[in-house]
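Below is a brief report on side-chain packing. It covers the aromatic pairs and the nonpolar cores.

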Amino acid sequence: MKIPSFGGSKQKQPKSSESVLKSSEGQKSALRFSAKSKIPNKPFSHWHPGLRQLVNWTVTVGSVLLCLMLLPTRLPGMELLEIGPNWLLIWVVTWSVKRTVFVGALAGIVLGLLQDSMTSPNPTHAVSLAIVGILTSLLQKQRFMEEDFISIALIAFGMAFLAETIFGLQLTLMSDAYGGHSLRKVADIWTYYQRVALASAILSSLWAPVVYYPLNLWWQRMKLLEQS
């Protein structure tokens, strides 16, 4: 049996002004959050061309500075007969693969002068790195090599061996210019630089893809954005 209630139906209490304000503020904040979440981040392709070019040069110069700092570093796996990879030569090879002879030679001269500032300007590294830039550009211009990791490693091996040979030849000519030299001294120079050239060539070829892959991927993307 249903018992009737004598108190009548309960009337809804009106909301206080504070609760109304809190609910309205909560709705406004929710609307603002949803509006912000709907605004997409501007992709890199929609950036201003000047800003993209600035970022590109920042990445390029930053990679050069990183190779310059790695040059005297001897980490595990980066040393053979107390010789490390020629990081600046690897960078010149990476840069010159898809560029003209002049640009490759210019990059070799600039990086060679940077290496001279860290070591000794006599003999200079600019000559050997400039020749590396020229020959690498010619190899790719004539399509003697395909663009993959193995070909880049082979190019780095050959160019590192050539660069150290040129450096040894410069030392020989310098010793001749400063008062002559004996045959035994020349033999000692070339015996030492044969070991240096072989160790540098092996390590540079092994580490060349580590530098080539990210930089080549970045430059390819920037080239596609410029053409679009």
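How many aromatic pairs does the structure hold? It holds four. Rings of Phe, Tyr and Trp (its six-membered ring) pair if their centres lie within 6.5 Å; planes under 30 degrees apart count as stacked, over 60 as edge-to-face and the rest as tilted.

This is a predicted model: local features need pLDDT of at least 70, side-chain atom pairs count only at pLDDT 80 or more, and totals for chains, interfaces and linings use all residues. Residues are numbered from 1 along each chain as its sequence is written, and side-chain values use heavy atoms, with hydrogens and water left out.

**Aromatic cluster**

A pair of aromatic rings is described by the distance of the centres and the angle of the planes. Two of the pairs are tabulated here.

| Pair | Centre to centre | Angle between planes | Type |
|---|---|---|---|
| Trp 91 and Trp 95 | 5.3 Å | 10° | stacked |
| Trp 95 and Trp 219 | 5.3 Å | 85° | edge-to-face |

Trp 91, Trp 95 and Trp 219 form one aromatic cluster. Trp 91 and Trp 95 both lie in helix α3, four residues apart, about one turn of the helix. Helices are DSSP runs (H or I, at least four residues), numbered from the N terminus. Trp 95 lies in helix α3 and Trp 219 in helix α7, so their pair ties together parts that are 124 residues apart in sequence.

Buried means under 20% relative accessible area, with exposed over 50% and partly exposed in between (1.4 Å probe, protein chains only). Trp 95 has 12% relative accessibility. Trp 219 is buried too, at 10%.

**Nonpolar cores**

A nonpolar core is a set of buried Ala, Val, Leu, Ile, Met, Phe, Trp, Tyr and Cys residues joined through side-chain atoms within 4.5 Å. The largest has 33 residues. Those with the most contacts inside it include Trp 91, Leu 111 and Val 132. Helices α2, α3, α4, α5, α6 and α7 each supply at least two residues of this core. The largest share, nine residues, comes from α7.

Leaving aside neighbours within four places in sequence, Val 132 is in contact (heavy atoms within 4.5 Å) with Leu 89, Val 92, Val 93, Met 159 and Ala 163. A second, separate core has six residues, among them Ile 83, Phe 167, Tyr 193 and Ala 199.
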